[in-house]
Amino acid sequence: MRRFEAIIFAALCGFLVSCASTPAKKGARSEAGMTDASGDWELVSFEKNGEKITVVAATISVTDKGHGSYGISGFSGVNNYSGSLTADGHKITFAPGLASTRMMGPKEAMDFEADFLDLLAHADTWTVTDAELALSGGNAVARFAKKGLDGTSWKLTGANTGNAVVSVNSSNKSITLSFAGGKATGFTGVNNMTLAYTTDEKSRSLTFADGPLTMRAGTEDEMKTERLFLDNIFKTASYSLSGSTLTLRDASGTTLLTFTKTE
């Protein structure tokens, strides 16, 4: 082989080896430069035909299933919904036939819900940043802000006894849980507690670490409920947010505790 051809061949081989041996960077952004939409989002603005519509509480949670497929669920103003979509960069297609509960609500909320679900049926574009998700299609645009656990407070409504999730009656001694700055503080119905926690908003993983707990005694029923709450909270592996409801689950996906949001 002539020297000039040998130099070109060697350079080309070096380039191919270099490209093949350099792993693709893993990060939050897709090849289209768009941030991963996975996580929980809360509606902050809604426009239809260029006019702003009064927002009724609504959410969307996005779970990456791989290969451009996403699971979606959320609260549409009155009912909970779930479904799926496929994405190619900024282009999206919702699968037909979103599943939805069938509760009735005030007329204003029902009218808003109809507009919101109509957008989900016709949305064909999304844009995502670290702080905002925007869905658009047809004649409507919905903008969502990232929703996480930090800065939220909750009251216990249900606990898993090992056989089923049972209701926890509200009282002046309601069991509470608040999240702020990596610390979960709350009241067990008898004692005050502070727990460290770690979470990932995209995967919705959540674990608690042992922490300070006061040592007051309560009635037999109060102490039994406290033990049930603490046993379940330390089994927590993940969480989900839907409207004003927080659900904690174990590693197998079994519901451990349910909460309703407090102001």
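Predicted model: local features only at pLDDT ≥ 70, side-chain atom pairs only at ≥ 80, totals over all residues.
I would like to begin with the packing of helix 3, whose buried residues pack against strand 11 (153–160), strand 13 (176–180), strand 15 (192–200), strand 16 (205–209), strand 18 (245–249) and strand 19 (255–261).

Helix 3 itself runs over residues 220–233, and its 14 residues reach 20 Å from the first C-alpha to the last, which is close to the 20 Å expected at 1.5 Å a residue. Which of its residues are buried? They are Glu226, Phe229, Leu230, Asn232 and Ile233, and because they cover an arc of only 165 degrees around the axis, they sit on the same side of helix 3. As a reminder, an α-helix has 3.6 residues a turn, so residues three or four places apart point the same way. On the face turned away from that buried side, helix 3 carries the exposed residues Glu220, Asp221 and Lys224.

Let me turn to the nonpolar cores. The largest of them has 28 residues, and those with the most contacts inside it are Ile60, Phe116, Trp126, Leu135 and Phe144. Helix 2, residues 107–122, gives the most to this core, with 5 residues. There is also a second, separate core of 24 residues, which includes Trp154, Leu177, Leu230 and Leu256; Leu230, you will recall, is one of the buried residues of helix 3.

Next, the aromatic rings, for which the count comes to 7 pairs. Why is the pair of Phe46 and Phe112 edge-to-face? The ring centres of Phe46 and Phe112 are 5.6 Å apart and their planes stand at 65 degrees, which is over the 60 degrees required, so the pair is edge-to-face. This pair links distant parts of the chain, since Phe46 lies in strand 1 (residues 39–48) and Phe112 in helix 2, 66 residues apart, and both Phe46 and Phe112 are buried. Ring pairs also join Phe46 and Phe112 with Tyr81, Phe116 and Phe144 into a cluster, and of these, Phe116 and Phe144 are among the residues with the most contacts inside the largest core.

Finally, a word on Ala134, which is found in strand 9, residues 132–137. Is Ala134 buried or exposed? With a relative accessible area of 6%, which is under the 20% cut-off, Ala134 is buried. Leaving aside neighbours within four places in sequence, Ala134 is in contact with Thr125, Trp126, Thr127, Ala142 and Arg143. Ala134 and Ala145, which are 11 residues apart in sequence, are 9.0 Å apart in space, C-alpha to C-alpha.

Notes:
Residues numbered from 1 in each chain as written. Heavy atoms only, no water. Helix = DSSP H or I, 4+ residues; strand = E, 2+ residues; numbered from the N terminus. Expected span 1.5 Å × (residues − 1). Buried < 20%, exposed > 50% of the residue type's maximum accessible area, 1.4 Å probe, protein only. Arc of directions from axis to C-beta. Contact = heavy atoms within 4.5 Å. Core = buried A, V, L, I, M, F, W, Y, C linked by side-chain atoms within 4.5 Å. Phe/Tyr/Trp six-rings, centres within 6.5 Å; stacked < 30°, edge-to-face > 60°.
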